[in-house]
Amino acid sequence: IEKDERTTRIFARYAQKYGRQMNDNVMLGYDAMTMLIRQFNGVVMSREQLAEGLSRVKEFEGIRNRITLTTDRVNTSLHILQYKNGSVSRLQIYSYQ
């Protein structure tokens, strides 16, 4: 997880509201809902329109990871991580197209 101004703000608001830190499931749920909300963009749409919009999602940058959906509805982004000196860092993001 990249610690930047945006994620720090999101984590702080969550901790203030719920009295605990976000876990992986919360982050994945947050990313999924943010991606869906951006698809709607204030417009009422049918299931078919939503499915069509989601099929075009390419490299949505969430707080937990990057999401790319294919027509098979599979996330095709992979994060390459390194554990060194007691910490984990992201080395690369690989996207299969």
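How many aromatic pairs does a search of the whole structure find? The search turns up one, where rings of Phe, Tyr and Trp (its six-membered ring) pair if their centres lie within 6.5 Å. The model is a predicted one, so local features need pLDDT of at least 70 and side-chain atom pairs count only at pLDDT 80 or more, while totals for chains, interfaces and linings use all residues. Residues are numbered from 1 along each chain as its sequence is written, and side-chain values use heavy atoms, with hydrogens and water left out.

The pair in question is Tyr14 with Tyr18: the ring centres sit 4.6 Å apart and the planes make an angle of 40°, so the pair is tilted (planes under 30 degrees apart count as stacked, over 60 as edge-to-face and the rest as tilted). Both tyrosines belong to helix 1 (residues 5-18), four residues apart, or about one turn of the helix. Tyr14 is buried at 11% relative accessibility, whereas Tyr18 is partly exposed at 44%. Here buried means under 20% relative accessible area, exposed over 50% and partly exposed in between, with a 1.4 Å probe and protein chains only.

As for the overall layout, the protein chain has three helices and four strands, and from the N terminus on they run α-α-α-β-β-β-β. These elements are DSSP runs numbered from the N terminus, with helices (H or I) of at least four residues and strands (E) of at least two. Of the 97 residues, 27% count as buried. The chain exposes about 7400 Å², and carbon and sulfur atoms supply 52% of that (Shrake-Rupley method, 1.4 Å probe; for residues, only the protein chains shown count as cover). Among contacts with a separation of 6 or more, 32% come from residues 24 or more positions apart, a contact being heavy atoms within 4.5 Å.

Then there is the packing. In soluble globular proteins, nonpolar side chains tend to be buried together. The largest nonpolar core has seven residues, namely Met35, Leu50, Leu54, Val57, Phe60, Ile67 and Leu69. Such a core is a set of buried Ala, Val, Leu, Ile, Met, Phe, Trp, Tyr and Cys residues joined through side-chain atoms within 4.5 Å. Apart from it lies another core, of six residues, including Ile10, Phe11, Tyr14 and Met22. Back in the largest core, Leu54 touches Met35, Leu36, Gln39 and Leu69, leaving aside residues up to four places away in sequence.

On the charged side, the count comes to four salt bridges, each a side-chain nitrogen of Lys or Arg within 4 Å of a carboxyl oxygen of Asp or Glu. One of them joins Arg64 and Asp24 at 3.2 Å, N to O. That pair links distant parts of the chain, 40 residues apart: Arg64 is in the loop between strand 1 (60-61) and strand 2 (66-67), and Asp24 is in helix 2 (residues 24-40). Arg64 is partly exposed at 29%, and Asp24 is partly exposed at 41%. Arg56 and Glu52 also form a salt bridge, with the closest N and O atoms 2.9 Å apart; Arg56 counts as exposed at 53%, Glu52 as partly exposed at 43%.

Arg66 is buried at 18%, while Glu59 is partly exposed at 41%. Glu59 lies in the loop between helix 3 (47-55) and strand 1, and the phi of Glu59 is near 55°, a positive value in a residue other than glycine. Most residues other than glycine have a negative phi.
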